[in-house]
Amino acid sequence: MIELDNVAYSYGGGELLSELSLQLAPGSFHFLTGPSGTGKTTLLKLCYGALRPTAGHARLFGTDVRNMDRDAVALSRRRIGVVHQDCQFLDHLSLAENVALPLTVAGEAISGQDQNLRELLGWVGLTSRANARPPELSGGERQRAALARAVISSPEVVLADEPTGNVDWEMSQRLLRLLIELNRMGVTVLIATHDLQLIRAAKSQVPARVLRIVNRRLQSAGVDL
Amino acid sequence: MSLQTLVALARGDKAADRVVPPTGFTARLTVFAAAVMAFLAVFALALSLAAGRLATSWGDELARASTVRISAPVGQVAAQTEAALRLLQQTPGVASARALSEAEQQALLEPWFGPDLPVSELPVPQLIEVTETSKGYDAAGLRLRLQAEVPGAVLDDHARWRKPLVAAAARLTVLGWVSGLLIAAAMGAMVTLAANAALSANAQVIAVLRLVGATDAYIARAFVRRFTLRTLGGAAVGTVLGIAAVALLPSGDETAGFLTGLSFRGWHWGIPVLVPLLAAAVGFAATAVAARRVLGGLS
Ligand SMILES: Nc1ncnc2c1ncn2[C@@H]1O[C@H](COP(=O)(O)OP(=O)(O)O)[C@@H](O)[C@H]1O
Ligand SMILES: [Mg+2]
């Protein structure tokens, strides 16, 4: 699905990631952890084509990002649901419209009555906030909306960057269950988080691999989790 | 631009239109500038068409009425007139030549000398009216031959005063069209600036749209459609005002002068309708180019 092959990345200074390889096989469930600033967000951006490796190869669905123009990246983005770390929204649209945005830009007609949309808003507990504008939402509500937006178009892969950073334990379990549910239906999931409790909770429900960025490279985390 | 693009543009897509936030100030400025440009364009058009009409009518009427004047001792006038007519009929570019009758000459002189002038008894020159073919004759050559064969004949081809006027009118026509082109270019520049500003101000929106899989074409369309409709709307208002202003100009006979003839005639009233359409086309092209450039830069 998504493959990083001997990838290096630097923002201009020293290399943040180097000789890093990762394969997200179809239906796999991965956690990416490590202290803040080690490059989790950067690695996710490499996985959805927002950044291009400074060395090595990143392949999205078999195609090297190097050979993809912006339109090709955009089209592959429709097969990848992304929960951005700072949950960017369009502030002039309602929450429901924001959640449905991936469908809108793909040219699919949607209405406020759309069954999928309502179910999804119900799952993340935002039914009553459907008509609110993003600036009126709390941090937790924004994260739930971002997750709903990432999964609404039935993507093959979900990349979630700290999806539970601002929500309480109960809600984080709920969001996790949504992702596990999707994974059982075959969706490939990668969650970047520094929340070890969340990882432990997940490991009891799903065979997840836990990766850690150490010395600019990926390592499998031990059983100590 | 494909037909499909045009259809999509005309039909619109409510959801797609909404993904770009409304920008009140830029929008109003664009509409206002489009209206002003269209207003000016209508005037340039009226000027150009009026000057064109003058150039044509002066050119046509005056070019077809040169005269040959025969001033000779009374006894020789008839013979020289004959000779001049013969010569004229053989001259390439002369469609016809006709000696004015006494009555016609009298009518010509009447405004100056009154109705009782005995033309036949006065040494009034005989006039020959020469009508040119559309190609015209070689005035210098004709003059030389007349000089050689008909000593009393003088060719008056009006060229001395007519040509600069016709040339000026023709030049004015061209200037009118050039002004139209410049107005279109200014409109393009203005829309480009406005579209650039709107695109740059919405970098964050563009980033979100890309995050959820919007292609450049999709993002560009949202902006292009908006700016095309704005220029179309603004230009339509400006055109209506421009036509009204032209219609309200005091009118006069075309011969009364250029200033009172500065209005549309007949089907020419339909031409300004093209102004908003052209403005929309310019707005479309300018925004499309700006969008391609800005989206190419924001990656
Ligand atoms: N756009 C950027 N330009 C320059 N440096 C950046 C940029 N984004 C992130 N960084 C730096 O790269 C490092 C890793 O950032 P990030 O990938 O966000 O780590 P994490 O998600 O693990 O906290 C940080 O030191 C950060 O300051
Ligand atoms: Mg991060």
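Welcome! In this predicted model, chain A is divided into domain 1 (1-79 + 155-225) and domain 2 (89-154). Two exercises follow.

**Exercise 1. Describe how domain 1 of chain A meets domain 2 of chain A.**

Step 1: Start with the spacing. Taken over C-alpha atoms, the centres of the two domains lie 23 Å apart.

Step 2: Look at who touches whom. On the domain 1 side 17 residues are in contact with 15 residues of domain 2.

Step 3: Turn to the area. About 1,400 Å² is buried between these domains, and carbon and sulfur atoms give 65% of that. Arg78(A), Pro155(A) and Leu178(A) supply 38% of the area that domain 1 buries against domain 2, more than any other three residues.

Step 4: Check the polar side. The count of salt bridges between the domains is zero, while five residue pairs are found in polar contact (both at pLDDT 80 or more). Helix H7 (residues 169-184) of chain A gives the most to the domain 1 side, with seven residues.

**Exercise 2. Work out what joins chain A and chain B.**

Step 1: Count the contacts. Here 20 residues of chain A are in contact with 23 residues of chain B.

Step 2: Find the area. The two chains bury about 1,800 Å² between them, 62% of it from carbon and sulfur atoms. Arg70(A), His92(A) and Val105(A) supply 31% of the area that chain A buries against chain B, more than any other three residues.

Step 3: Look for salt bridges. There are two between the chains. Arg18(B) forms a salt bridge with Glu97(A), with the closest N and O atoms 2.6 Å apart.

Notes: Residues numbered from 1 in each chain as written. Chains lettered and ligands numbered in written order. Predicted model: local features only at pLDDT ≥ 70, side-chain atom pairs only at ≥ 80, totals over all residues. Heavy atoms only, no water. Contact = heavy atoms within 4.5 Å. Buried area = accessible area lost by both parts, 1.4 Å probe. Salt bridge = Lys/Arg side-chain N within 4 Å of Asp/Glu carboxyl O. Domains from an automatic or database assignment. Polar contact = N/O pair within 3.5 Å; in protein donor to acceptor, adjacent residues only side chain to side chain. Helix = DSSP H or I, 4+ residues; strand = E, 2+ residues; numbered from the N terminus.
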